[in-house]
Amino acid sequence: MQPTKLTFDLGMELRWQITIRGVVQGVGFRPFVHREAVAHGLTGQVVNTGQGVVIEAQGEETALARFVTALREQAPAAAVIQELTILSLPLVTESAFVIGHSVAAGPPSAGIPADLALCADCQREFFDPTDRRFRYPFINCTNCGPRYTITRAIPYDRPQTSMATFAMCDQCRAEYENPTDRRFHAQPNACPVCGPHLWLTDAQGQLLAEKEAAVVATAAQLRAGAIVALKGIGGFHLAVDATNHEAVQRLRQCKGREEKPLAIMVRDLARARQLCQLTAAEEALLDSAAAPIVLAPKQPAHDLSPAVAPGSDRLGIMLPYAPLHHLLLAEGPDVLVMTSANLSEEPICIDNSEALQRLGAIADCFLCHDRDILIRADDSVVWHLAGASRVIRRSRGYVPRPLRLAGEGAAVLGVGGELKDTVCYAKGDQAWVSQHLGDLKTLTAFSFFRETVAHLGRIYQVTPELVAHDLHPAYLTTQWAREQAGVVQLAVQHHHAHLAACLAENHYDGPAIGVILDGTGFGPDGTIWGGEVLIGDRGSFRRFAHLAPMPLPGGDAAVAAPWRTGLGYLYVAYDGVVPELPFLQGHDAGTIVAMLQRGINCPATSSCGRLFDAVAAIAGGRPTIRYEAQTAIEFMQAAGTLAGPAFPFELVAEHDTLIVEVGPLIRAVAETVRGGAILAEISQRFHRTMVELWCEVVQRAAAATGLRVVALSGGVFQNQLLFTGLMKRLQAAGFTVLAHRELPVNDGCIAFGQAMVGRAYMER
Ligand code: ZN
Ligand code: ZN
Ligand code: FE
């Protein structure tokens, strides 16, 4: 007998059923399992089911254990293993490891993967002149390519995608059907013979060039300073050479976007390093399969047009993710402004004729293709802050990846609020948060909301028992929710939704102390909330402390003109006798004071965002904004490094609520300005004040309740000085601090929070 045979016979042979849940379909998982099983000398099979991937593997116990470790540690980049369970089975007689047929039975929790950036293998083929897909802009494999944005329904299979209209050629089909091929069941598989193609038109839709010639012509247009509308993965972009100042300015003018920073796409990491100071974590984010826009600190000197991100100390930067991007950045300028193709605040364009119609006045030419985009998805935005990557806008590359919840619960829908809206379905132990839908103030934008509610509900087959919406009666989302028949309707206070979202994302059931620092949210008392310390859990909350309500002269007009807010706060702080301050020069203060005196159109708010606006304006910051929170962002960037003392503040107990009086703070700021202090000093001292103030309120909440867990949420925490400062301070004081990572800290988390409050309601 051969010694090897003897060893084999004596080894303990077992058969395991390994079930893996998570994002394991459409990401090259089965070929990966097959390779690993063969490498570990195992027999058995792997199949896709509605629940995920089910493996039966047979072999020596140690080989099985090593196989499971490999599954966990070496899974394809885009796979997310949420759960792996092992059951023992009786041994069977078999001689190989095979990829079995998909089993469609069971509820579809496996879902559709997110869109994936071009992988390294495809990139090699793409630039290899001997490869049959050399420079073919629709190259992909099971490890990369579009997914969510081309899929109409589940199961994720070619007939359900916009690739259904392209019949695979023999060579593509052979790859698609070969279990050991990298393109085995790669649904968007295509080649120049059988797949989609590109063409370039002028603004009137007249054909200028096709296929390869279209790429060459587009690159030439970009080099010459043209504005090009490019059809990408989740929609059209408007692209211009980012080093061409005239072109960037013309784009801003045409798009009606005055100063808000524009995202850029660079040829490679080396080029990115010339523009941004990147950490290893930021480089990993840029290079990830999700390929988001990463907000990273600008290099002090660079060759970009100053109009790309005026006044901002960060750049929104990304790497090419579609093959077409790689081509254009290789042929044309090596850094492009790439901004969503829309007029400000409208949904991104996805359709060829829609693009011509809506963008005809903006773009000089249109690079289109015939692979339809079925679902809109903007580029995602992330940054790395306080030791973790944190998503600011969750869209392409992340959606529709489910969030795993701590427990089971009812099927519910959260419709969000009004700004930076998302919608969220939850069912069982999973939640699906939609892509960023934007601000739902117009009917055009609102149609994107309806589209998404219907689509997500269909692909995950969720029939909600409850629809959760905001307390604000006038929001379009509230009105839509109230029209839904046959479901429980639940109004959720905006900041309670923030708290619930932060707790649930961290799998913490509460209760906790929620520090919710925000712009705007409708309170049950009819005032605008936004500087709140809540005590609560998913089910309920009480308002432990809040900023004292202050007047907002003109309401929304004050949000757009922080000098008005500053004046309103001074008016209250000085009992109606406003002192002379430099920031009021050149403004019609008299009219605003008259409004304040009569209380006309001066809604009261405890918003923390408005406190930042007011202090920044009084200190001499930007009096009016051209994009959201511009004054506060610039004020934060101005903070000096000198460690001046905090400004005074006052906490006043009123019944069972703690009121943070801001009068002493505003007066101290005003006096410091009159004493000749510069913006840098006031900014640094104000940020320090905010950290000390909220830490003190948390200490009081902890003393009153015994709670030691603090959740941070609300858009003001996008201020990194406040976020990192308060986090460190609370941790040093022994608190456990919960913060967002996967979901935005801004209103992008509201729908998820509403859904979590809705589930708690159904539990009662
Ligand atoms: Zn690939
Ligand atoms: Zn083909
Ligand atoms: Fe909010």
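Which helix does K211 lie in? The legends below walk through this predicted model, and the third one has the answer.

**View 1. Four cysteines hold the zinc ion (ligand 1).** The protein donors are the SG atoms of C119, C122, C141 and C144, lying 2.3 Å from the zinc ion (ligand 1). Their angles run from 103 to 121°, so the arrangement is tetrahedral. Along the chain, these donors follow the spacing C-x2-C-x18-C-x2-C. Look for C119 and C122 here: both are buried.

**View 2. The zinc ion (ligand 2) and its cysteine donors.** Here the SG atoms of C169, C172, C191 and C194 lie 2.2 to 2.3 Å from the zinc ion (ligand 2). With angles of 106 to 117° between the 4 donor atoms, this site is tetrahedral. The donor spacing reads C-x2-C-x18-C-x2-C. C169 is buried, as is C172.

**View 3. K211 and its positive phi.** K211 belongs to helix α6, which covers residues 211-223. Although K211 is not a glycine, its phi is about 45°. Most residues other than glycine have a negative phi. K211 is partly exposed, with a relative accessible area of 48%.

**View 4. Q461 in a loop.** This residue sits between α12 (443-459) and β21 (466-470). Q461 is not a glycine, yet has a positive phi of about 45°. Its relative accessibility of 48% makes Q461 partly exposed.

View 5. P511 is in the loop between α14 (494-505) and β23 (512-522).

Methods
Residues are numbered from 1 along each chain as its sequence is written. Chains are lettered from A and ligands numbered from 1 in the order in which they are written. This is a predicted model: local features need pLDDT of at least 70, side-chain atom pairs count only at pLDDT 80 or more; totals for chains, interfaces and linings use all residues. Side-chain values use heavy atoms; hydrogens and water are left out. Donors are N, O and S atoms within 2.8 Å of the metal (3.2 Å for Na, K and Ca); water is not among the atoms, so sites may look incomplete. Four donors count as tetrahedral if all angles lie between 85 and 135 degrees; four count as square planar and six as octahedral if opposite donors are over 155 degrees apart and all others between 65 and 115; anything else is irregular. Buried means under 20% relative accessible area, exposed over 50%, partly exposed in between (1.4 Å probe, protein chains only). Helices (H or I, at least four residues) and strands (E, at least two) are DSSP runs, numbered from the N terminus.
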